[in-house]
Amino acid sequence: MYKKFTSGIVDTVFGENVKIVEPVNIYGCEIGDDCFIGPFVEIQKKVRIGHRTKIQSHSFICELVTIGNDCFIGHGVMFINDLFENGGPAEGDVSKWKSTQIGNKVSIGSNATILPVTICDNVVIGAGAVVTKNINESGVYVGNPAVRLEKNGKIS
């Protein structure tokens, strides 16, 4: 037997001038002023999104993610909160989930994957990058795992 599920917006606190392009699945979170949320985005409970942040289509923002002000989240960006520490999913044991903190003025390119990390202010994450460790220095990060580019384009 199948249970019917619908997308929608439930129990969410919105700032002023938020634009949402449906369909979306947004519940139990906080979204700041002047944000844009594209279609086919899921934002789960306990997520906080700062002011003037844009989230493009097909992105998934799981529980325990905080995104700062003036950020850009590209198409198809995936946030992860379960590291499968026991060889499989936490299976409802949310105490095993980890949080992610994204600073202000962070741009995350399309199809990047963000594991539970902290990313400081003024960072660019390249398209398709996989961020596996905290980023504590502003700059441009690319690759899998993501590494910092020098100003001359070389990897540091």
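Let's start with a pair of charged side chains: Arg148 and Glu137 meet in a salt bridge at 3.6 Å, N to O. A salt bridge here is a side-chain nitrogen of Lys or Arg within 4 Å of a carboxyl oxygen of Asp or Glu. This pair links distant parts of the chain, eleven residues apart: Arg148 sits in strand S21 (residues 147-149), and Glu137 is in the loop between strand S19 (130-131) and strand S20 (139-142). Strands are DSSP runs of E with at least two residues, numbered from the N terminus.

Before going on, a word on the model: it is predicted, local features need pLDDT of at least 70, side-chain atom pairs count only at pLDDT 80 or more, and totals for chains, interfaces and linings use all residues. Residues are numbered from 1 along each chain as its sequence is written, and side-chain values use heavy atoms, leaving out hydrogens and water.

**Salt bridges**

The whole structure has five salt bridges. Three of them, including the opening pair, are set out here.

| Pair | N to O distance |
|---|---|
| Arg148 and Glu137 | 3.6 Å |
| Arg48 and Glu30 | 3.8 Å |
| Asp70 and Arg52 | 2.7 Å |

Arg48 pairs with Glu30; Arg48 lies in strand S8 (residues 48-49) and Glu30 in strand S5 (residues 30-31), so this bridge ties together parts that are 18 residues apart in sequence. Asp70 and Arg52 form another salt bridge. Here the partners are in loops, with Asp70 between S11 and strand S12 (72-73) and Arg52 between S8 and strand S9 (54-55), 18 residues apart.

How open are these side chains? Glu137 has a relative accessible area of 45%, Glu30 has 39%, Asp70 has 30% and Arg52 has 40%. Each of these counts as partly exposed, the class between buried (under 20% relative accessible area) and exposed (over 50%), using a 1.4 Å probe and protein chains only.

**The sheet**

Eight strands make an open sheet with mixed pairing, in the order S3-S6-S9-S12-S15-S18-S20-S21. Two strands pair if DSSP finds at least two bridges between them. At the edges are strand S3 (19-20) and S21, each pairing on one side only. S9 and S12 run parallel, joined over two bridges, and Lys54 stands opposite Phe72 in S12.

**The core**

The largest nonpolar core holds 33 residues, and the members touching the most others are Ile43, Phe79, Ile108, Ile114, Ile119 and Ile125. Strand S11 (65-67), strand S15 (106-108) and strand S18 (123-125) each supply at least two residues of this core. Such a core is a set of buried Ala, Val, Leu, Ile, Met, Phe, Trp, Tyr and Cys residues joined through side-chain atoms within 4.5 Å.

Take Ile108, found in strand S15. Ile108 is buried, at 0% relative accessibility. Beyond its neighbours within four places in sequence, Ile108 is in contact (heavy atoms within 4.5 Å) with residues including Phe72, Ile73, Phe79, Ile114 and Ile125.

**A loop residue**

Is Thr12 buried or exposed? Thr12 is buried, at 17% relative accessibility, and sits in the loop between strand S1 (8-10) and strand S2 (13-14). A polar atom of the Thr12 side chain lies 3.0 Å from the backbone oxygen of Val10. Not counting residues up to four places away in sequence, Thr12 touches Ile26, Tyr27, Gly28, Cys29 and Ile31.

Definitions and conventions
Helix = DSSP H or I, 4+ residues; strand = E, 2+ residues; numbered from the N terminus. Polar contact = N/O pair within 3.5 Å; in protein donor to acceptor, adjacent residues only side chain to side chain.
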